[in-house]
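Dear colleague,

Please find the structure below, handed over for your use.

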Amino acid sequence: GGAPETIRPGWTGFVVDPHNHAALADRLAVLLADPAAGRAMGAAGRQFVLDRFGVEQARRTLLTALDL
């Protein structure tokens, strides 16, 4: 699940084929082996989404579209 356009592999998360159980298990094992890396990815992913899809970005996009 998730939106692949919001994932930057290794930085904000991992993209795996949902039908490839071995790849999913591998990525989960990576995160379980290094919880700090998982937390860092989560924080980076949150910031990535806020920067691109947050209220402030929506406001700027609207003002640009309205030429204000």
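Arg59 and Glu56 form a salt bridge in which the closest N and O atoms are 2.6 Å apart; a salt bridge here is a side-chain nitrogen of Lys or Arg within 4 Å of a carboxyl oxygen of Asp or Glu. Please note that this is a predicted model, in which local features need pLDDT of at least 70 and side-chain atom pairs count only at pLDDT 80 or more, while totals for chains, interfaces and linings use all residues. Residues are numbered from 1 along each chain as its sequence is written, and side-chain values use heavy atoms, with hydrogens and water left out.

Salt bridges

The structure holds 3 salt bridges. Arg59 and Glu56 are 3 residues apart in helix α3, and are therefore separated by about one helical turn. Helices are DSSP runs (H or I, at least four residues), numbered from the N terminus. Glu56 also meets Arg60, side chain to side chain, in a salt bridge of 3.4 Å, N to O. Arg60 and Glu56 both lie in helix α3, 4 residues apart, which is again about one turn of the helix. Through shared partners, the salt bridges join Glu56, Arg59 and Arg60 into one network.

Asp26 counts as partly exposed at 41% relative accessibility, as does Arg27, with a relative accessible area of 32%.

Helix packing

Two packed helices are described by the angle between their axes and the distance between the axes. Helix α1 (residues 21-33) and helix α2 (residues 35-53) pack at an angle of about 105°, with their axes 5 Å apart. That angle makes α1 roughly perpendicular to α2. Axes are lines fitted to C-alpha atoms, for helices over the stretch in contact, and angles run from 0 to 180 degrees between N-to-C directions. Angles under 35 degrees count as roughly parallel, over 145 as roughly antiparallel, 65 to 115 as roughly perpendicular and the rest as oblique. Where α1 and α2 meet, Leu31, Leu32 and Ala33 are on the α1 side, and Pro35, Gly38 and Met41 are on the α2 side.

The axes of α2 and α3 come within 5 Å and cross at roughly 25°, and these two helices are therefore roughly parallel to each other. Here Asp51, Arg52 and Phe53 in α2 meet Val55, Gln57 and Arg60 in α3.

Which residues does Gln57 contact, leaving aside its neighbours within four places in sequence? They are Asp51 and Arg52, where contact means heavy atoms within 4.5 Å. Gln57 lies in helix α3 (residues 55-65) and counts as partly exposed, at 23% relative accessibility.

Surface patch

Leu24, Leu28 and Leu32 make a nonpolar surface patch of about 310 Å². Patches are made of residues with over 30% relative accessible area and no salt bridge, with like charges joined within 9 Å and nonpolar side chains (Val, Leu, Ile, Met, Phe, Trp, Tyr) within 5 Å. Accessible areas come from the Shrake-Rupley method with a 1.4 Å probe; for residues, only the protein chains shown count as cover. Leu24 is found in helix α1 and is partly exposed, with a relative accessible area of 37%.

Separations in sequence and space

Ala37, found in helix α2, is partly exposed with a relative accessible area of 29%. Ala37 and Gly13 are 24 residues apart in sequence and 9.8 Å apart in space, C-alpha to C-alpha. Ala29, found in helix α1, is likewise partly exposed, with a relative accessible area of 41%. Ala29 and Phe53 are also 24 residues apart in sequence, but 30 Å apart in space, C-alpha to C-alpha.

With kind regards

Technical notes
Buried < 20%, exposed > 50% of the residue type's maximum accessible area, 1.4 Å probe, protein only.
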